[in-house]
Amino acid sequence: MSGTVSLNGKPIEGAEVYFVHEQLVTVGKTDNQGRYELPQGAVAGENKVYFSKIDGGHLAGSQFEAGDGMDDLQLAEAAKSGVGARQANAAKQVIPPEYSDASDPKLNFLVPDGGTQSADFKL
């Protein structure tokens, strides 16, 4: 199961692509051409889809940075809520909210039996 993701007409690198089905949540990450692959595949049928890419930032007074044991979603949550008295320093979600809301994904994708190599998204 694979495809491409573009934002404003340009491939987006380093974005996480989440396919959510009641039986499985699977994630892939885009390369510099916006291509991604879901290593576990996706469940056939309707899947909710959302994206995440956090740019910059670290938590002031801490050693947390993107890639340091926290995935993009965890870093975004830490940035929103703060960790103790520490607040996020310039961490921001690059993907518009209508495509990045993990609690209420707005996009649906009908995964065919056997998957597809063209699950493409133009955000």
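The conversation below sets computed values against the definitions behind each term.

Visitor: What kind of model is this, and how are its residues numbered?

Guide: This is a predicted model, in which local features need pLDDT of at least 70, side-chain atom pairs count only at pLDDT 80 or more, and totals for chains, interfaces and linings use all residues. Residues are numbered from 1 along each chain as its sequence is written, and side-chain values use heavy atoms, with hydrogens and water left out.

Visitor: How do you know whether Phe19 is buried or exposed?

Guide: Buried means under 20% relative accessible area, exposed means over 50%, and partly exposed lies in between, with a 1.4 Å probe and protein chains only. Phe19 has a relative accessible area of 0%, and is therefore buried. Phe109, at 17% relative accessibility, also counts as buried.

Visitor: Which term applies to His21, and where does His21 lie?

Guide: His21 has a relative accessible area of 15%, so the term is buried. The residue is placed in strand 3, residues 16-21; strands (E, at least two residues) are DSSP runs, numbered from the N terminus. Neighbours within four places in sequence aside, the contacts of His21 are Val43, Ala44, Glu46 and Asn47, where contact means heavy atoms within 4.5 Å.

Visitor: What makes a set of residues a nonpolar core?

Guide: The members must be buried Ala, Val, Leu, Ile, Met, Phe, Trp, Tyr or Cys residues, joined through side-chain atoms within 4.5 Å. The largest such core here has 17 residues, of which Phe19, Tyr36, Phe51, Phe109 and Phe121 touch the most other members. At least two residues of this core come from each of strand 1 (2-7), strand 3, strand 6 (45-52) and strand 11 (107-111). As for Phe51, its contacts beyond four places in sequence include Val5, Val17, Leu107 and Phe121.

Visitor: Why is the pair of Phe19 and Tyr36 called tilted?

Guide: The ring centres of Phe19 and Tyr36 are 6.4 Å apart and the planes stand at 35 degrees, so the pair is tilted. Because Phe19 lies in strand 3 and Tyr36 in strand 5 (residues 35-37), the pair ties together parts that are 17 residues apart in sequence.

Visitor: Which term describes the pair of Phe19 and Phe109?

Guide: Their ring centres are 5.9 Å apart and their planes stand at 75 degrees, so this pair is edge-to-face. The pair links distant parts of the chain, with Phe19 in strand 3 and Phe109 in strand 11, 90 residues apart. Both belong to one aromatic cluster that is formed by Phe19, Tyr36, Phe51, Phe109 and Phe121.

Visitor: How do you know that strand 3 and strand 6 pair?

Guide: Two strands pair if DSSP finds at least two bridges between them. Strand 3 and strand 6 have five bridges, in the antiparallel sense, and Val17 stands opposite Phe51 in strand 6. Strand 6 and strand 11 also run antiparallel and are joined by five bridges; there, Glu46 has Leu110 of strand 11 as its bridge partner.

Visitor: What makes strand 4 and strand 11 edge strands?

Guide: Four strands form an open sheet in the order 4-3-6-11, with antiparallel pairing. Strand 4 (24-29) and strand 11 each pair on one side only, and they are the edge strands.

Visitor: Why is the contact of Arg35 and Asp31 called a salt bridge?

Guide: A salt bridge is a side-chain nitrogen of Lys or Arg within 4 Å of a carboxyl oxygen of Asp or Glu. The side chains of Arg35 and Asp31 meet at 3.2 Å, N to O, in a salt bridge. Arg35 has a relative accessible area of 45% and is therefore partly exposed, while Asp31, at 25%, counts as partly exposed.

Visitor: How many salt bridges are there by this rule?

Guide: The count is two. Asp104 and Lys106 form a salt bridge with their closest N and O atoms 2.7 Å apart. Asp104 counts as partly exposed because its relative accessibility is 40%.

Methods:
Rings of Phe, Tyr and Trp (its six-membered ring) pair if their centres lie within 6.5 Å; planes under 30 degrees apart count as stacked, over 60 as edge-to-face and the rest as tilted.
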